[in-house]
Amino acid sequence: MLKPNTLKTIRERKGLTQEELAFVLKVNQRTISKWEHGKSVPSVAIMQLLEDYLGVKKEELFYGAFNYKRLLNLNLKQQNEVKQKEAAK
């Protein structure tokens with residue numbers, strides 16, 4: 001199974017609120033929420049700050065951002081399988 005965005009899990013393990021992490025990164029809390037829900041991703045510079053601050057590789061925190069081609073191919077494959085099943089009915 002593919003890894004989801006794990007920023008929320010790691011942030012909570014470190015005992016940080018969204019507000020506290022936002023303060024450290026000099027962004028607002030809504031920005032942290034967007035990252036955690038996969039609605040946007042931070043810049044590479046912010047990803048590096050997160051990696052350094054949380055002690056977790058940025059590729060682990062934002063799997064989808066670094067593996068979008070793989071995720072896209074999986075989605076296309078799943079869509080094709082559904083179409084084939086529907087056509088076989």
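Visitor: What share of the residues in the protein is buried?
Guide: In this predicted model, 27% of the 89 residues are buried.

Visitor: And how much accessible surface does the protein have?
Guide: The accessible surface comes to about 6,600 Å². Carbon and sulfur atoms account for 54% of that area.

Visitor: How many helices and strands are there?
Guide: The protein has seven helices and zero strands. Read from the N terminus, the order of elements is α-α-α-α-α-α-α.

Visitor: Which residues of H3 are buried?
Guide: In helix H3, residues 29–36, the buried ones are Ile-32, Ser-33, Trp-35 and Glu-36.

Visitor: Why do they line one face of the helix?
Guide: Viewed down the axis of H3, the buried residues fall within an arc of 160°, so they line one face.

Visitor: What covers them?
Guide: The cover for the buried residues of H3 includes helix H1 (7–13), H2 and H4.

Visitor: On to H2 and H4, then. At what angle do their axes cross?
Guide: The axes of H2 (residues 18–25) and H4 (residues 44–54) cross at roughly 115° and come within 11 Å. The crossing is right-handed.

Visitor: Which residues make that contact?
Guide: H2 contributes Leu-21, Val-24 and Leu-25, while H4 contributes Ile-46, Leu-49, Leu-50 and Tyr-53. By type, the residues of this contact are seven nonpolar, no polar and no charged.

Visitor: Finally, what fraction of the contacts with a separation of 6 or more joins residues 24 or more positions apart?
Guide: Such pairs account for 45% of those contacts in the protein.

Terms used:
Residues numbered from 1 in each chain as written. Predicted model: local features only at pLDDT ≥ 70, side-chain atom pairs only at ≥ 80, totals over all residues. Heavy atoms only, no water. Axes fitted to C-alpha atoms, helices over the stretch in contact; angles between N-to-C directions. Helix = DSSP H or I, 4+ residues; strand = E, 2+ residues; numbered from the N terminus. Left-handed = near helix turned anticlockwise from the far one by under 90°. Contact = heavy atoms within 4.5 Å. Nonpolar A, V, L, I, M, F, W, Y, C, P; charged D, E, K, R; others polar. Buried < 20%, exposed > 50% of the residue type's maximum accessible area, 1.4 Å probe, protein only. Areas by Shrake-Rupley, 256 points an atom, 1.4 Å probe, with all protein chains shown as cover. Arc of directions from axis to C-beta.
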